[in-house]
Amino acid sequence: MSSSAAAAERQLLNSDGDFDDDRHTVERGHKTESYLVAIQNNPVPSTLNPLKKEPLLERIPESPKKLPNTVGLSLDELEKYKNDPFWSRLRWFLFVLFWLLWIAMFIAAIMIVFISPSCTAKHTPTWFQTAVVYQAWVPSVQDSNDDGLGDFEGLSQRLEELRRLGISAIFPRPFLLSDELSENSVRDYVNVDSKLGTNAQADALIKLAHDKDIKVVVTVPVASTSDEHDWFIRSARASIPENANFSNFYYWKRTGMKSEFVNQYRDSNVFYWHVENNPKMPILNWRNVHVKNEMFKVFTHWIEKGIDGFYLDTIEYLARVPDGSKPDWVGVNDLLREIREHVDFVGGNDTKPVLFASLEEAREKDKKLLQTSGLDAVVNYELGPIERNGRVCKLGTMWPSAITRFSPTCSSSTR
C-alpha cells in the first residue's frame, strides 16, 4: 500500500464520525475500485476506537479446571492409618488368612484328584466281538480219506485258505459224537464223532488253528442227550446198585400220559421228559448235583483241549415248569450264570471262553433277561424261515413284501 493511501486511511479512522466527500476523499493510489468504495461508504464509528491500546476483543477468562472425582481416601488421610496398631494387625491377619485359604484349596484339589474314581478305561473289545467266524459243516468241507464225508483232517487242510480270507474263528459242526450227525442228540460229551475223525485229529485241528491265530468254537447241547447216551441207559436201570447215582440224571415220572414233551420208556409204566416231539432226546435234570458236576467236567475237558467258545444248544430245556411244557426262564438264567462262572474260572481272564446261544420261540423279554445271565450273545435265527416256499412265504412266491411290517405275505419279484 502507498504512503498517501495509508495516510488517508489513518485520517479516516481518526475522524470523529463527521465526514464529507471533500475531506474524506481517499487517494486511489493502487487500490481497487471495490476497496475504495468500501472505505468511503463504511467509515469506522468513533466509539470503537480500534487503534487504541485496548484490544478489539475482550479476553475471555479461562474457567478453572475441574478436578476428577476421586474414590477412597487421599494419601494424607491414609497416612494416619499406616502405623495404627489395629489396622496393622488387621492387614497382617488378612494377609495370612489369604495364603492359608490358598494353600487349603491347593491341598483339597490334590486330594480330589487322588481320591476321586479314575476315568473309565477305554473299552477293548474281546476277540469274539470283532471276529469273522466261519461256520463249517464238516461233512461238506473236504474228504481226506475218500469215505464220502468231509472230516476234521480235510478241514485242517483248508485252514490256511481260510486264514488268507481273513477268517479269525472256525465253528466246526457237528463236533461231538451224536445220532446221525444231529449235534443235539449227543452220545458222548468228551469224544468227537467217529464219522468225522478221531480225537487225535480233532486235537490236531485245534492246535493248527491256534498256530494260525484262529479260534475254535464248538456246540455243546447242555440240556439234552441221545437216548443212547450212557447216562440215560444207566439212569433207566437205576435199580442196579452201580447205577444208583444216575437215577435222577433225567426227569422220570411213575404216572402220566404221553404228550409232545413226555413219552413212555419202552414198554414200562415209567415216563420221561424229552425235547418237544423228539422222544430220542431226553432232557437232563440240572437240579441234580451230579448232572451239574458232570457237565462242568465236560466244559473243563474242552477248555483244556484249547476250545475258545461254546454254542450252548437246547438252553430252553435247562429248567422247565412242572409239566415240562414251557421253559422256566428264571431257572434257566440261574443255571447259565453258574456255567459262566465255571468256564471263566477254568479259562481265566486271558482266555475267557465265549458263550452264546439262540432262541427261536422265546419272547423279547426273555431274550433281554438272557443278557444278564452270562451269555456273550444271543443269535437271532428268526428270519431264517423267510425264503422261497418256506414257512413264512407262501408257495410260488419269492420275497416278503414288507419285512419291516412283519407281514407274512410275500410278493413275486426278480433281482
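How do the residues of the lining of the second largest pocket divide into nonpolar, polar and charged? Keep that in mind, everyone, while we look around.

This is a predicted model, where local features need pLDDT of at least 70, side-chain atom pairs count only at pLDDT 80 or more, and totals for chains, interfaces and linings use all residues. Residues are numbered from 1 along each chain as its sequence is written, and side-chain values use heavy atoms, leaving out hydrogens and water.

The chain has 12 helices and 14 strands; these are DSSP runs numbered from the N terminus, with helices being H or I of at least four residues and strands E of at least two. Of its 415 residues, 33% are buried, meaning under 20% relative accessible area, while exposed is over 50% and partly exposed lies in between (1.4 Å probe, protein chains only).

Now, our pocket. On a 1 Å grid over the protein atoms alone, a pocket is an open set of points where a 1.4 Å probe fits, with protein on both sides within 12 Å along at least five of seven lines, and lining residues have an atom within 4 Å of a point. The second largest pocket has 16 lining residues, and Ser235, Ala236, Trp252, Arg254 and Val270 lie nearest its centre. Helix 9 (230–236) and strand 6 (252–253) each give the lining at least two residues.

And the answer: seven are nonpolar, six polar and three charged. Here Ala, Val, Leu, Ile, Met, Phe, Trp, Tyr, Cys and Pro count as nonpolar, Asp, Glu, Lys and Arg as charged, and the others, Gly among them, as polar.

Lastly, Glu161 sits in helix 7 (residues 159–164). Glu161 is partly exposed, at a relative accessible area of 42%.
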